[in-house]
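Thanks for sending this one over.

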Amino acid sequence: MSSKQKDDQFLRVLTSKDVLVLSIGAMIGWGWVVLTGNMIKTAGSIGSMLAFAVGGLMVILVGLTYAELTSAMPKVGGEHVFVFRGLGATASFIATWFIILGYISIVAFETVALPTVLEYLLPNYKQGYLWTIAGYDTYLTWVLVGSIGSIFITAVNYLGIKFTAFLQLVLTSLIGIVGLLFIGGGLFNGSTGNMEPLFSGGIEGFTSVLIMIPFFFVGFDVIPQASEEINLPYKMIGKVLLFSVILTVVWYILVILGVARALTPEKMDSSSLVTADAMVAIFHGSWAGKLLVVAGIGGIITSWNAFYVGGSRAIYAMAKAKMLPEFLGYLHPKYKTPSNAIILIGIFSALAPLLGRQMLVWLVDASGLSIVFAYLLVTISFVVLRKKSRKWKGLLKFQQVVW
C-alpha cells in the first residue's frame, strides 16, 4: 500500500465502549432536563412513559435497519453510502444534505444552549447588551460562552477521534452517575401519590408526546458516519448501535418516572426547570439541583461533540464523491480527521450565538423534519437493496448485493 493510500485512511481505533458512549451521548442531550415536566403534564405520568415505550419501539425498528446497513456497508458517510447504493446519486445527495442540515443545526443550537443553561447556575452573568433579534436580547458575555465552547469542541474533534471519544466517555459517565442518583432517589424518596394523574389529555395528549419522541433519539446515526474508525467486527457495529438505542429508551422512561414521583403537577406548573427542581425535592438541597444541571451541561457537550463527528464525516463523504468542493475531503495526515470539514462546522457554530436564541430554535425545528426525511430515504433504500438480494440469507448475502 502506498503512503498516499495510508494518508487517505481513517484510523480504526474506536472500541465498543467508545461507540456506545458516542451514540448515547448524542441522544441524551439537554432535553431530559427541560422537557420531561412538559411531557408529564401533557399525557400524565404513565401516559408519557407509555408514549416513550411506543415511540422508542418505532425508533428501535429504524435502528434495526441502520444496524443491518452499517454492518453491511461500514463506510464513512453512513446515509450517503446507504442511499447511494439503494436509490442512486441524486437521492444520496438529497439525503446527505438533509442530514448535514440537521447535524449543523443541532451543533448551532448547542452553542446557544450552553450559555442559556449557565443562567441557572449564574443568574446575572449576562452583561454587555448587543442587540435584539426576534424579541430575544443578545449579550456579549452570553455570546462569548457559546463561541468559546464551540472553539473547544472544534479543537477536540480536530485532534483525533480518540480524544473525542475520551471526552464523550467522561461526560456520558457523569450523566449516567447523576442520572442513576436521580432515578434511585425518585424511586425510594418519591411518592406514588405524586404520579396522579396517571393519564392526561386522552389520545391527543398521548399523541402530542409521541410525535416528540423521534427527535430525542437523533444521534444513533452518528455511528454509521464514523464506521471506518470503529475497530470491531462488522456485525458487532450494528449490535452496539441497537443496544445504545434500547438503553436510551430505558433512560428516558426512568427519568420520567423519577420526576413524576418527586413533584406534584402543581409544583411542576410553578417550576422553570422541572427535572432540576425534582432533584432538589428528592435530596432536600439546592446543591442537588445544581448537580443535575451540571450533568445536563454534560449532555449538551456530548450531543455537541457527537454531531461534530457525524456532520464532518458526512461533509467529507460528499466531498470524496465530488458532490462538494474537494478541499472538504481532506484528511489530516497526523490526526486522521476530516479537519477542513471540522473547521467549517466550527466557524458556523462559533458565529451561531450572534443570531440569538429564537432564530436557532426555528432552525432546529425545521431541521428535525429534514433528519426524519433522511431516515425515510434510508429505509426505502434498505427495502430496495433487500429486494435486489432476491433470496434473503442474512448479512453475507446482503453484503454481496450492496457491494
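**Notes on the aromatic pairs**

1. Let me start with phenylalanine 93: its relative accessibility is 35%, so it counts as partly exposed (the class between buried, under 20% relative accessible area, and exposed, over 50%, with a 1.4 Å probe and protein chains only). Tryptophan 97 also counts as partly exposed, at 37%.

2. A word on the basis: this is a predicted model, where local features need pLDDT of at least 70, side-chain atom pairs count only at pLDDT 80 or more, and totals for chains, interfaces and linings use all residues. Residues are numbered from 1 along each chain as its sequence is written, and side-chain values use heavy atoms, leaving out hydrogens and water.

3. Rings of Phe, Tyr and Trp (its six-membered ring) pair if their centres lie within 6.5 Å; planes under 30 degrees apart are stacked, over 60 edge-to-face, and the rest tilted. That rule gives 18 aromatic pairs. In one of them, phenylalanine 52 and phenylalanine 216 have ring centres 5.4 Å apart and planes at 70°, so the pair is edge-to-face.

4. Phenylalanine 52 sits in helix 5 (residues 45-72) and phenylalanine 216 in helix 11 (residues 213-216), so their pair ties together parts 164 residues apart in sequence. Helices here are DSSP runs (H or I, at least four residues), numbered from the N terminus. Phenylalanine 52 is buried at 0% relative accessibility, and phenylalanine 216 is buried at 8%.

5. Back to phenylalanine 93 and tryptophan 97: their ring centres are 6.4 Å apart with planes at 70°, so this pair is edge-to-face. The two are four residues apart in helix 7 (residues 89-121), which means about one helical turn separates them.

6. Finally, ring pairs join Phe52, Phe216, Phe217 and Tyr252 in a cluster.
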